[in-house]
Each structure stands twice: as C-alpha cells, then as structure tokens.
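Please inspect the sequence and the model before reading on.

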Amino acid sequence: MSRAKDQLQILRHLSFLRWINLFRLGFSFLLQKITKNGKNTAMPFSLSIEPTTACNLGCPECPSGLKQFSRPTGKLSHELHNKILDEVSKSVFYINYYFQGEPFLHPDFLQLIRDAKKRKMYTATSTNGHFIDQKKAEEVVQSGLDRLIISLDGLTQKSYEQYRINGKLDTVLEATKYIVEAKEKLKSKTPHLIFQFLAVSANEQDIPNLFSKAKELKVDEVRIKTAQFYEFENGNALMPSNEKYSRYTKGIDGKYRLKNRMKNECWRMWSGSVITWDGKAVPCCFDKDAVHRLGDLNEHTFQEIWNSEAYSSFRKSVFSNRQEIDICKNCTEGTKVWA
C-alpha cells in the first residue's frame, strides 16, 4: 500500500460528524491567529495514547530507554482506555498508540487496537520490533492495525546498536518479514508498514542502501527522521555530519540552532492531544516526562480537560511566545497535519 493509499485509508474513517468537527477545527485554528485567546471551539481529530512507559532498549536520547522518568512506569488499563474512546469517538478518527515505551510490552496491546477499530478509528503504532514473532505477526494483522512503524536505525549490527542499545538488528528484520508474510497469508493490505530511520552519526552511511533494503523486504514506506538532542547548542557526538539529515544547523558563532523558524502557532494544539498510560493529558509528544499536565482523565472527561482554563492558557502561550516554552524549543513538527 502506497503512502497515498494510506492517507486515503485515514480519510475513510471520517463520519459525517467527524467531517463537521474537522471543518470547525480548521476554522477555529484560523480564527485563533487573529484572536490569540487560546480558545478551541472544536474537538481534536487525533490522539496519542501511551500503552506503557516500559522499554527493553537503552537509547541514549530517550528518557524511557535511559530509565530517567520522574513519572512512574506502568501500563494503560482497559477501563481507562475504553472511557477515553467513548468520550472522543464523535470527533477522533486517528489514534497513535505510542508516546514513550515499547507498545508491545503491554500484555494486551492488540486488544487496545481492536477496541479502537470497533469505534471505526484509524490506528497506528511505533515499535522497536523485538516482540513480533510469526504468531504475533498474524495477530497484529488480524487486529486491524492500520499502520505499523518499525524503527530500523542501521543496516549492520554495529551501526544499529550505536543508538538502539541492547537491540538486535536480525530480530527487527525477522519481525518485518513475519508481518509481510502475515499480510500476504491473510490477504490484508494493512498494516501499512513503514521503516523509520533515525539518522545519527553512527548510521548515516547506511541511508543510501535503506530504500533498496525496504524494497527487498516489501516494506511500504521509508521515513528518515532527524534526531532530537536535549543538548545541541555546542554540538552532539550523535549529530550526523550531513546536515541534510539533521534538524540543527551551525551558525557563524559556532552554535547550533534549529533549522526551521519557530512561529507563534501550532496546529497540534488544535488537532490532537497526548494521554499518558495513567490518564494524564499533556499538550504534545515533546512533553516526554509529562511536565505540562493539563488534566487527569481519571477525574474529568476529555472534553472538560480540552476546554479547561489550563488548556486554553497553554494554547494562548504558544500563540504569544512559543520560543519561551521548554518543550517547544526542540520542535520541528508544529505544522504537520497528521500525528
């Protein structure tokens, strides 16, 4: 399935009420550029829901891998998950089951997918590929999962493990083969299979061969992702030498800065929200440690949180002085439409 067909698959999950909400959302965002009052008069169309914060790897720029969270490790309960889905089903048609952690470490992860599919929602997730054997691959396809992103950050074990510490490249490649075989066996076009390659200094030499490898394995799409670094102003040993693959550029003063010009606006503050495994609503995926908690789904409905003064105030700050918000300082994704 091509990327265009995958995008069309997303749109097929739009009902009449979801279409109406989407138009209201776009109008509200345009109006916000004028009023800058932080009020969103529609509901989001997408959510990122975190199945678990647990992870088997030790990636050096990931708080989950480094076990450096100040928030607890745990897994999403079915009771909370179904509560969330019921509250947002009239507007939300796209759910990304990933925030921090490895989703397949949730013991009932595929049940989460099935619950969302019952409500006619497009579902996506991202995995390091270490927990998909032949049986699990068939279960993934049967669950109805629409998109599966597999992190493949190197084409040799040496380059791969420089970032995916404790990871096994062969295991990831086997998982990919199992998914493709399961799709063919079950005559399914889903999940749309993506290789996501996080470009760092240790693996950038593998990029020219990445696309041919994906074609060989019958992967639907390849995405090169620039790496986020917490400390980047003075450079970072993991930064790729080819600036094409970096989200940073070196200034004449020798300091590194984001390539893109940060505008005082962010579509993600309108289009979606992120929910941690224990029900905390945070503004976006850059708030990895859930510092900006805007509400608790255990205590309030999603709509109450979405329309709360806390959420409106955060949106207003994004539209007035986004450069001063800590989680925005490393962001390059504020204007993307899909999560």
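Two strands pair if DSSP finds at least two bridges between them. Strands (E, at least two residues) and helices (H or I, at least four) are DSSP runs, numbered from the N terminus. The model is predicted: local features need pLDDT of at least 70, side-chain atom pairs count only at pLDDT 80 or more, and totals for chains, interfaces and linings use all residues. Residues are numbered from 1 along each chain as its sequence is written, and side-chain values use heavy atoms, with hydrogens and water left out.

**Sheet**
- Strand 10 (residues 280-282) and strand 11 run antiparallel and are joined by two bridges.
- Ala 281 has Gly 295 as its bridge partner in strand 11.
- Nine strands form an open sheet with mixed pairing, in the order 6-5-4-3-2-1-9-10-11.
- Strand 6 (221-226) and strand 11 (295-296) each have a single partner strand, so one side of each lacks a neighbour in the sheet.
- Helix 9 (residues 207-216) packs on the sheet and touches strand 5 (192-199) and strand 6, where contact means heavy atoms within 4.5 Å.
- The direction of helix 9 makes about 150° with that of strand 6; axes are lines fitted to C-alpha atoms, for helices over the stretch in contact, and angles run from 0 to 180 degrees between N-to-C directions.

**Helix pair**
- Helix 4 (residues 78-88) and helix 5 (residues 109-118) pack at about 25°, with axes 10 Å apart.
- Helix 4 is therefore roughly parallel to helix 5 (angles under 35 degrees).
- Helix 4 contributes His 78, His 81, Asn 82 and Leu 85 to the contact, and helix 5 contributes Gln 111, Leu 112, Asp 115 and Ala 116.

Methods
Angles under 35 degrees count as roughly parallel, over 145 as roughly antiparallel, 65 to 115 as roughly perpendicular and the rest as oblique.
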